[in-house]
Structures are given as C-alpha cells and as structure tokens.
Amino acid sequence: MNIAVCIKEVPDTETRPKIQDDGRSIQKDNIKWIVNPYDEYAIELGLQLTEKNGGEVTIISFGPKTIESTIRSALAMGAHKAIRIEGPKDVADPLVTARALATVLKDKGFDLILFGKQAIDDDNAQIPQMISEALEIPGASVVVKFEINGESAVAEREIEGGKEKLSFTLPAVISCQKGLNEPRYRSLKGIMMSKKVPIEEVNVELTGENLIIEELQMPPQKQPGRIVGEGPDAVPELVRLLKEEAKVI
Amino acid sequence: MSNILVIYEIREKNIKKVSFEATTAANLLARQLSGKVSALLLGSNLGSLTDKPGVYGAEKVYTIDNPALEKHSPDVFAHLISETAKEIGATHIIMGATAMGKDIMPRVAFRLNCPLVQDIIGLEVQNNKVSYQRPIIAGKLRSRVSLQSEIQLATIRPNIFQAQENKVSSEVVALAKDLPTPRVIVEETLATGGGKLDVTEAEIIVSGGRGMQGPDNWHLIENLAKTLGAATGASRAVVDSGWREHGEQVGQTGKTVSPNLYIACGISGAIQHQAGMASSKYIVAINKDPEAPIFKLADYGIVGDVKEVLPKLNEEVAKVRGE
Ligand SMILES: Cc1cc2nc3c(=O)[nH]c(=O)nc-3n(C[C@H](O)[C@H](O)[C@H](O)COP(=O)(O)OP(=O)(O)OC[C@H]3O[C@@H](n4cnc5c(N)ncnc54)[C@H](O)[C@@H]3O)c2cc1C
Ligand SMILES: Nc1ncnc2c1ncn2[C@@H]1O[C@H](COP(=O)(O)O)[C@@H](O)[C@H]1O
C-alpha cells in the first residue's frame, strides 16, 4: 500500500502561548514544537497497514524549512519517506493549505491519505475534509476504528452519543481520533534511521488568504473561585449558591 | 442585502437544538446587515419539522425531502448545500459545530471556494463587516477573524448562542434536486452508553477523574447526574485506565464542552483537561487537595473526599429539585 500521512508541527500541549506585539500572531521563541498529537494516530495507522500489507508511508508537511526536525520526529516512528511543501508558518486560511497539499497529493497514486482529526493549534478540523473534496474521493473524519478488505474499507467515526459506521472504496481520506490505536514510541533505531531519510522539497503556487486574523486575545480571566467549605458539611451552602446565585440548578 | 442560510441538523427525526441557536445567531447578523434569514432542511419525511425554523425567525424554509437523505452522507449533503446556496444567492451559511456540521462545512467551503470559520463563540458586526470569535490552541487564546469572500461560512459551538424565539410567518419552498451517488455510505449509527445524553449537548455535566478511585464508585457520579438531568464526563486518566469510554472524555484530546454547570469530581484540572471545559459558565470542583489547579478555575469549590461529598450533594440537590 502507498500511504500518505499529512502532519503539522504544533506547539507542545503544555505551552502557554504569548501574543506578539502585532496582536495577531503568537510568539515563536521558547516553544517546544511537536508533531500534532492526532497526527501520531495517523502515522501509527499507516505503519500498521504497511506492516501488514506491504508498501510505504510518506510523511507530508506544508511549512518552512524549520519544520524539518518535526518531520524527522514523525519519520522516527518508522515512516519511509518525507516531503516538505515550502510555505509560511502562519497560514490562517485552511483553503490555502488544503490546495497546496492537494496539488502534491493528486498524482502520487496514494491508496490512503491520513490526517489527524484537527491541529491542536488552530483547532480547525478542516483540511482532511477539504482534501477529500479536492481529490473527489471518499473521506471519513474523526475515525476511531478502521479496517480494509481488499478495495473497500469500513470506518467508525465518533458522533454525539455514539458512532457512525461508514463504508467506502479506496483511495480515501481518513482523519484520525484518539482511540483508533496507541502510537508507538520512537525507538533509538527509528531516531537514527530518520536522520538518513532525505526530505524531498516541493514548491507549489500558493493562493491568497481570504480568512484574516484580525486580533488574538487572552480569554477573559475568570473571577478567582471561592472555596465554599470542607467536606459534606459545605454541601447545603454549595447547593444554595448554585440555586440562588448562579441559578443553574 | 444579505441572505443568511442556516443549515438545520436532523437526527432521529428531531431538529438538533444547535440549529435554533444558529438561527438566533443568523438573526443577529440579519438585523445588523439588513438581511433575511433562511433555513435549509435536508432529510426524509420532514413533515411538521418545517414549521420550526419560522418560530426562530427564518422567513424562508427550503427543504430537500428524499428517502436517501435519511442518513447523512457527507459528500451528498455538501453537494446539496452548496448548490442551494448558489441558487438562492446566500451571502452567509451557518451550521452547528457538531460532528455533522464540522464534517460537512469544510466540504461546502471547498466547493464554493469560500473560507469557513469553524466553532465560533461570538459574532460582531462593525461597518457592515462581520468578525467571528473563536477559541484557538485549546481555548488558551481567542482569535477574531474576518472573511473576504462572496459567501461567508461559519459553524457555531453548541450552547453558546441561547436560542431565542422570534416568530415570523415563513414560507416553505421544496427544492427538487438530483442526488449524486454518495462516495461514502453510512451503514448504521451505533449508540454508545445506551443512548445517554452526550457531554457536548448537555446543560449540566458531572465529570469524574482519577480521584474517584475506580469504576466501582461511578454510581456516585451517575446518581447525581440523574438527579440533575446531566450528562456524565471523565478525565483522560479515567478513560486511559479503561474505567469509562472515550466518548465521555473531556479535554484537549476529548470533547470540548460549554455547559451551564460543570461539576469536576476528583479531577486535578490539568491544562489539557481545562482545554475542554474552561468555557463552561459555572464550574464546581470537589477535590481533597486544596492546592489542586482545578480550584483556580472553579467558581465554587469544596475541599473534601468525593465519596463523602457526592452522596450528600445528590441528597441536597434532590431536595431543591423536588421543591
Ligand atoms: C497530549 C495530551 C493530551 C491530553 N488530553 C487530555 C484530555 O483530553 N483530557 C484530560 O482530562 N486530560 C488530558 N491529558 C492528561 C492530563 O495532562 C492529566 O494527566 C489528566 O487530566 C489527569 O486526570 P485526573 O485529573 O483525573 O487525574 P489526576 O491528575 O491524577 O488527579 C486526580 C485528582 O483527584 C484528587 N483526589 C484523589 N482522591 C480523591 C478523593 N477521594 N476525593 C476527592 N479528590 C480526590 C487528587 O487530589 C487529584 O487532584 C492530556 C495529556 C497530554 C500530554
Ligand atoms: N501545514 C500542514 N501540513 C500538513 N498537514 C497539515 C497541515 N495543517 C494541517 N494538516 C493536517 O490536517 C489535519 C487537520 O488540521 P486542521 O484542519 O488545521 O485542524 C492535521 O491533523 C494534519 O493531519
């Protein structure tokens, strides 16, 4: 199988982001960059499928040269090849990223194109569905279970209060959710191997952005909370506050 | 003149509440952009469901009623929505940021070649320019964005815009549209947790963490949830330990919720957990450690053992609920 996994470099989940002086972007220094956690489920899925059926996993990422170390971190899980599509770090409009990725994905004959369900920095959850449209192939998003039988596939996606079972043929786009698998640890061997894999560089023409970030703000600070009391004795007062002050019960 | 199209979501023959919330958001836009609000209902045997959008302010109710639309197929729905938007000259398309909305709207955006802002929690109009507010980086920052496009697309986070009735006389227009062959077949919908209320849709959530000390104590959470008519949630530590299903997990790698009341029981309040619940209107924390980070976020806290506090809380809530 010929599998593409699209990954994004994002700030580590512990990051407390600071806003730059321009008021529209985040400060980039002192950030620990990681592979978007959902993308690791996608890499794991790709690796499991190629281990079973043969074939290769290609890591694809759109961004500047600085993302190379994150691409290598993805390769260290055991992927075979990598492509970096040259582009800026802060692209706000998902259509721009999706078109750039689609240009490269289009003629490569991938059987499966795997994604994370969303990037944990912009929280868009848009690119995978857009790629499914761009390539006019089936797409399943927020997938927690996936199986292939020959040319066709069955996926379960998470919905409110349950799951939806989908069937479709390959090639297809899948966006991966936690629960699908357990991403493997990067072995020392994997890390050593990843240093030797060449990262192919591709340039594509980018379209203009039509989604404009006007301003970033810190969320409104909550009033410091109130400890009502200790143990079960505090419960009547809590219930009174919830009923009379907050009016939520 | 703006023409704001609200995409209604129908599940199990019912309109999802977020569709009315989206209509309320659409009214807000329509007032300030001097426009009108329309609704689009896609489904099978819509019947009296078409009366509902008018109650919330939609003047036109477009319907595509077809047995094949009983279950949602993302590409078929995306096709019908983009075709309808073009046909009626929509200037804005709004849908709930639900599993269905978040899946379909990026497809519509691609088809129309117009950008989408996903999961908004606020709207503002200044000099006829709309700006959309949304949380980013798991709620650690807010972003205000504008769209430069012929049609602007947005999905709204459930439970943020309170649905307000705004009765107008509405006209139902049935659209005849050919359905394309679906690329994806929805074979079946599997309910988990016995069809219980989902955390993303609940007004109250009772959520348990590792401090609950094991699945055997979960009846304490469930009893209180039942008394309150609440959904039950869990921290990742609990889900990873296999005590609860992933569908209940709240947080960065779980669900994002904004209920009126979130009761965190034996949850420390790690930053990744906060990411999923910090936008709750009121937060209650019960934790035996007074230094637990959750208390910084909570409106009200009780320092104590969940095994002692929860039964008492259930008892007292039952009393006031019974009044
Ligand atoms: C990439 C990434 C993504 C993550 N995503 C999520 C996510 O989506 N959701 C999430 O929740 N976490 C997530 N986490 C994990 C997160 O960092 C924490 O580990 C997790 O939230 C801790 O869960 P907890 O509060 O239940 O457990 P703990 O941190 O162990 O806290 C248990 C709390 O219970 C209290 N306690 C113990 N006994 C009692 C008692 N008898 N009565 C009352 N209180 C008691 C303790 O004082 C403590 O505060 C993520 C982590 C990473 C790295
Ligand atoms: N710059 C990028 N390069 C490659 N893949 C990306 C990029 N941005 C997003 N993706 C992929 O698209 C998924 C969803 O991202 P998003 O729509 O931005 O939330 C991510 O989990 C990645 O798999």
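**Strands and contacts across two chains**

Visitor: Which residue is the bridge partner of Ile136(B) in β10(B)?
Guide: In this predicted model, Ile136(B) has Leu141(B) in β10(B) as its bridge partner.

Visitor: And how many bridges join β9 of chain B to β10 of chain B?
Guide: There are 5 bridges between strand β9 (residues 129–136) of chain B and strand β10 (residues 141–147) of chain B, and the two strands run antiparallel.

Visitor: What's the order of the strands in that open sheet?
Guide: The sheet is open and has 4 strands, with antiparallel pairing, in the order β12(A)-β10(B)-β9(B)-β8(B).

Visitor: Which helix packs on it?
Guide: Helix α1 (residues 17–32) of chain B does, touching β8 and β9 of chain B, and its direction makes about 5° with that of β8(B).

Visitor: Okay, what about the other open sheet, the one with 6 strands: is the pairing parallel or antiparallel?
Guide: The pairing there is parallel, and the strand order is β13(A)-β18(B)-β17(B)-β16(B)-β14(B)-β15(B). At the edges stand β13 (226–230) of chain A and β15 (231–234) of chain B, each with a single partner strand, so each has one side without a neighbour in the sheet. From one strand to the next, the twist averages 20°.

Visitor: Which helices lie across strands of chain B there?
Guide: Helix α5 (residues 218–228) of chain B lies across β14 (204–208), β15 and β16 (261–265) of chain B, running at about 175° to β14(B). Helix α9 (residues 306–322) of chain B lies across β14, β16, β17 and β18 of chain B, and runs at about 140° to β17(B).

Visitor: Switching to the interface, how much area is buried between chain B and chain A?
Guide: About 7300 Å² is buried between chain B and chain A, with carbon and sulfur atoms giving 56% of that area. In chain B, the residues that lose the most area to chain A are Phe110(B), Arg183(B) and Tyr300(B), which together make up 10% of what that side buries. The contact takes 90 residues from chain B and 77 residues from chain A.

Visitor: How many salt bridges are found across the interface?
Guide: The rule finds 10 salt bridges across the interface of chain B and chain A. Arg107(B) and Glu133(A) meet through their side chains in a salt bridge, at 3.3 Å from N to O. As for residue classes, the side of chain B that touches chain A has 39 nonpolar, 23 polar and 28 charged residues.

Visitor: Which strand of chain B pairs with β9 of chain A?
Guide: That is strand β13 (residues 185–191) of chain B, which pairs with β9 (residues 162–169) of chain A in the antiparallel sense over 6 bridges. Here Lys165(A) has Glu188(B) in β13(B) as its bridge partner.

Visitor: Last one: which residue does Glu201(A) form a salt bridge with?
Guide: Glu201(A) forms a salt bridge with Lys65(A), and their closest N and O atoms are 2.8 Å apart. This pair links distant parts of the chain, 136 residues apart, since Glu201(A) is in strand β11 (residues 199–202) of chain A while Lys65(A) is in the loop between β4 (56–63) and α2 (68–75) of chain A.

Conventions. Residues numbered from 1 in each chain as written. Chains lettered and ligands numbered in written order. Predicted model: local features only at pLDDT ≥ 70, side-chain atom pairs only at ≥ 80, totals over all residues. Heavy atoms only, no water. Pairing = 2+ DSSP bridges. Contact = heavy atoms within 4.5 Å. Axes fitted to C-alpha atoms, helices over the stretch in contact; angles between N-to-C directions. Buried area = accessible area lost by both parts, 1.4 Å probe. Salt bridge = Lys/Arg side-chain N within 4 Å of Asp/Glu carboxyl O. Nonpolar A, V, L, I, M, F, W, Y, C, P; charged D, E, K, R; others polar.
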